[in-house]
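Please open the model in a viewer and follow the stops below in order.

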Amino acid sequence: CHSFGNFPVQHLLQFGTEEQRHQIAQTIVTNAGTICRSRAGDGVVATALEHTSSQDKGFLVQAVLHEQGLLVELAQGRHSHSAVLRMLQVLDGQASLQAHMSLAMEITTLRASRYGRVVAKH
């Protein structure tokens, strides 16, 4: 994500049509590793988890869980830690267990990080 391009994308996620939100969510799913790891992209992901359909949220979460270590990276980010907290609320069943186990295995790393501590408390 471009450092300023993320703002119109977030605006579309907040105020765009359902189809626009869906298209953006699909783009994030396809490029989850790259977008989530970019400084501007983590805010886009957090906004997508607030404003997309339940189905799109599920696809977003699965894309993050599929990429090894990405959840823990996001948990330590200034904007993305809130996305991880949102993911933990959205998850259920096997995906919830997988996410909690990934975070538990890196609890020392999370506790050493300002934003990771917030996630570690949950």
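**Second largest pocket**

Select V64, L65, E67, Q68, G69, L70, L71, V72, Q98, S102, M105 and E106, which line the second largest pocket. Helices α5, α6 and α8 each give two or more residues to this lining. A pocket here is an open set of points on a 1 Å grid over the protein atoms alone, where a 1.4 Å probe fits, with protein on both sides within 12 Å along at least five of seven lines; lining residues have an atom within 4 Å of a point. The space in this second pocket is about 170 Å³. Its lining divides into six nonpolar, four polar and two charged residues.

The model is predicted: local features need pLDDT of at least 70, side-chain atom pairs count only at pLDDT 80 or more, and totals for chains, interfaces and linings use all residues. Residues are numbered from 1 along each chain as its sequence is written, and side-chain values use heavy atoms, without hydrogens and water.

**From L71 into the core**

Keep L71 selected and display V64, L65, V84, M87, A99, S102 and L103, which L71 touches (heavy atoms within 4.5 Å), residues up to four places away in sequence not being counted. L71 is also among the residues with the most contacts inside the largest nonpolar core, together with I28, V45, V84, M87 and L103. That core has 30 residues.

**Largest pocket**

Finally, select N6, R39, A40, D42 and H79, which lie nearest the centre of the largest pocket. About 240 Å³ of space lies there. Helix α1 (6–15) supplies three residues, the largest share of the lining.

Note on methods. A nonpolar core is a set of buried Ala, Val, Leu, Ile, Met, Phe, Trp, Tyr and Cys residues joined through side-chain atoms within 4.5 Å. Buried means under 20% relative accessible area, exposed over 50%, partly exposed in between (1.4 Å probe, protein chains only). Grid points are joined across faces, edges and corners, and a volume is the space filled by probe spheres set on the points. Helices (H or I, at least four residues) and strands (E, at least two) are DSSP runs, numbered from the N terminus. Ala, Val, Leu, Ile, Met, Phe, Trp, Tyr, Cys and Pro count as nonpolar, Asp, Glu, Lys and Arg as charged, and the others, Gly among them, as polar.
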